[in-house]
Amino acid sequence: MWHTKHHDFANRIIKPILRLYSFKKNHFKSKVYKLDKNKSYIILANHQTTWDPILLYCSFKNIIYPVMAKDFIPVKYRKLIYKYLGPVLKAKTLKDLQAVKNMLQVVKEGNNLYLYPEGNRTYSGELCYFSDATIKFIKKAKCDVVYYNFKGGYGVDPRWGTSIRKGKFEGEIRSILPFEEIEKMSIEELLAHTKKELSVVEAPSENEYKSSKRAEALERTLYRCPICKNISKLHSQGNYLSCECGLKVEYTSKLTFNCSDPRFKYKTVNDWFVDQEKWIRSYEYQGSDPIFEDENIILHKIFIDHNEEVTRGKLSLYEDYLLIGEKRFDFSSIIEMTVSSKQTLIFYVDDISYRLSSDIVGVNFIKYMQMYYHLNNKKLGFADDFLGI
């Protein structure tokens, strides 16, 4: 049995306290929903903020079990989370057959499950890429699906940001899709329906999100200047993002850009982000120089109960390998790669998980992940749709 008395205790005693704390801390508003106790549900949500998993957990009176990436739960909280929340653990991007079996066990035993089909938190304010893997699971699970929307989270706590902003942040059930309807839908139809039900466009915003540091650390997401076309020459301070070429852009409280340079065409972060993806997909490697480089990067090996530093130094990406200090990782040995938290890169080699991070605020790891997938897709003859997020 997946369910234990500790889960009951957490739902009855800990959750109400956690609800008061987390809702107040994030200025978050949501009804507290009660699902039919005689049915199992899969709850799907879009993913905007660090607090989403807790806020979603607290938005339901029922016990709901999270699907969580096992490499990203803070070490000091792991035992407590395992004991009282009963999460289904999985690798963040890897196909994890045991996790799928555990997910099926949870719902088959009459319990509720919640997860994020994107498998990642948005950097741009719009839905990340997600495959049909969740859709296929829903078909196997044979239960109703709840679509839950977070709204305003990208304004309050953007993934790339350094501070919480004041503004409207709320959550609600958008719809519930009965399994009787799911049965009639093809994989493609259910995928399209799920994307529609989870899509929340955050910018331009009708609401204001006030801060004196609105643009700080935007370079965690944006790495290519649209004017001079150079990489990693962008720097943020306060409400402004500037390039060494002279470009200066204000990031406004309505989550849009304001710039006096007529050559600057982007209105939102997503506009800029999408244009970077287009550049990545068009990139052709020439010569022997590194494509990207960043100094002061730390490499850790991730274990279930601790992390171990391997090396630190300059990170460089070439046509078919990563180099960190003197340690080289060929693309052929890397199984998958993903960004985590605000500026962390995780990659898997065989059964070993590695983490790249930096103490310097503003390091952009997205470009490494996107270029890795682009070069690999091209080499293997795959469609260049998926760039890691």
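Two strands count as paired if DSSP finds at least two bridges between them, and the strands themselves (E, at least two residues), like the helices (H or I, at least four residues), are DSSP runs numbered from the N terminus. The model shown here is predicted, so to speak of local features we need pLDDT of at least 70, side-chain atom pairs count only at pLDDT 80 or more, and totals for chains, interfaces and linings use all residues. Residues are numbered from 1 along each chain as its sequence is written, and side-chain values use heavy atoms, with hydrogens and water left out.

**View 1. Strand β6 and its two partners, β7 and β2.** Strands β6 and β7 (residues 169–177) run antiparallel and are joined by 7 bridges. Look for tyrosine 148, whose bridge partner in β7 is isoleucine 173. With β2 (residues 41–45), β6 pairs in the parallel sense over 5 bridges; here tyrosine 41 stands opposite aspartate 144 of β6. Strand β6 (residues 144–151) is mostly covered, with 7 of its 8 residues buried (under 20% relative accessible area, 1.4 Å probe, protein chains only).

**View 2. The nonpolar cores.** A nonpolar core is a set of buried Ala, Val, Leu, Ile, Met, Phe, Trp, Tyr and Cys residues joined through side-chain atoms within 4.5 Å. The largest one holds 83 residues, and Phe60, Tyr148 and Phe257 touch the most other members. Helix α10 (residues 366–380) supplies the largest share of this core, 7 residues. A second, separate core has 29 residues, among them Tyr65, Ala141, Phe179 and Leu191. As background, nonpolar side chains tend to be buried together in soluble globular proteins.

**View 3. Helix α4 and its surroundings.** The 12 residues of α4 (residues 97–108) reach 16 Å from first C-alpha to last, close to the expected 16 Å (1.5 Å times one less than the number of residues). Ala99, Asn102, Met103, Leu104, Val106 and Val107 are buried in this helix. The buried residues of α4 pack against β2, β3 (64–69), β4 (88–90), β5 (112–115) and α5 (133–141), where contact means heavy atoms within 4.5 Å. After α4 comes glycine 110, with a positive phi near 90°.

**View 4. An open sheet of 4 strands.** The strand order is β8-β9-β10-β11, and the pairing is antiparallel. At the edges you will find β8 (234–237) and β11 (257–258), each pairing on one side only. Strand β10 (residues 248–251) meets β11 over 2 bridges in the antiparallel sense, and glutamate 250 stands opposite asparagine 258 in β11.

Note on methods. Buried < 20%, exposed > 50% of the residue type's maximum accessible area, 1.4 Å probe, protein only.
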